[in-house]
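Colleague: I want to know how the labels on this model were assigned. Please walk me through them.

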Amino acid sequence: MTEPAEPADELTCKELVEVVTAYLDGAMGDADRSRFERHLGECSGCTAVVSQFRTTIEITGRLTEEQVSEKQREAMRGVFRRWRGATTS
């Protein structure tokens, strides 16, 4: 059974995740921001994702370079490389 299609002006969960950083950076236009916030008002899962992003940004913003070991940096680089490879495929 397939789920009903989203109306053309509605944001899907996948689209929201793809643009969450633009939303948090304040880089969205008014219309897109409204669509984003309307989706958040209806989707507790995406609301949780945005909250996790905010928390991650807040916590990592407190880190200094000295607090991150070379092993941790390399692990993060690996995650970003895999993510970037997956998004360009």
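Modeller: Start with Arg33 and Glu37, which form a salt bridge. This is a predicted model, where local features need pLDDT of at least 70, side-chain atom pairs count only at pLDDT 80 or more, and totals for chains, interfaces and linings use all residues. Residues are numbered from 1 along each chain as its sequence is written, and side-chain values use heavy atoms, with hydrogens and water left out.

Colleague: Why is the Arg33 and Glu37 contact called a salt bridge?

Modeller: The term needs a side-chain nitrogen of Lys or Arg within 4 Å of a carboxyl oxygen of Asp or Glu. The closest N and O atoms of Arg33 and Glu37 are 3.5 Å apart, so the pair qualifies.

Colleague: How are Arg33 and Glu37 placed in helix H2?

Modeller: They are 4 residues apart in helix H2 (residues 30-42), so about one helical turn separates them. A helix here is a DSSP run of H or I, at least four residues, numbered from the N terminus.

Colleague: What makes Arg33 partly exposed?

Modeller: Its relative accessible area is 23%. Buried means under 20%, exposed over 50%, and partly exposed in between, with a 1.4 Å probe and protein chains only. Arg33 therefore falls in the middle class. Glu37, at 37%, is partly exposed too.

Colleague: Why is Trp83 called exposed?

Modeller: Its relative accessible area is 55%, so Trp83 passes the cut-off for exposed. Trp83 lies in helix H4 (residues 70-88).

Colleague: Which residues does Arg73 bridge to?

Modeller: Arg73 pairs with Glu65 at 4.0 Å and with Glu70 at 3.5 Å. Shared partners join Glu65, Glu70, Arg73, Glu74, Arg77 and Arg81 into one network of salt bridges.

Key
Helix = DSSP H or I, 4+ residues; strand = E, 2+ residues; numbered from the N terminus.
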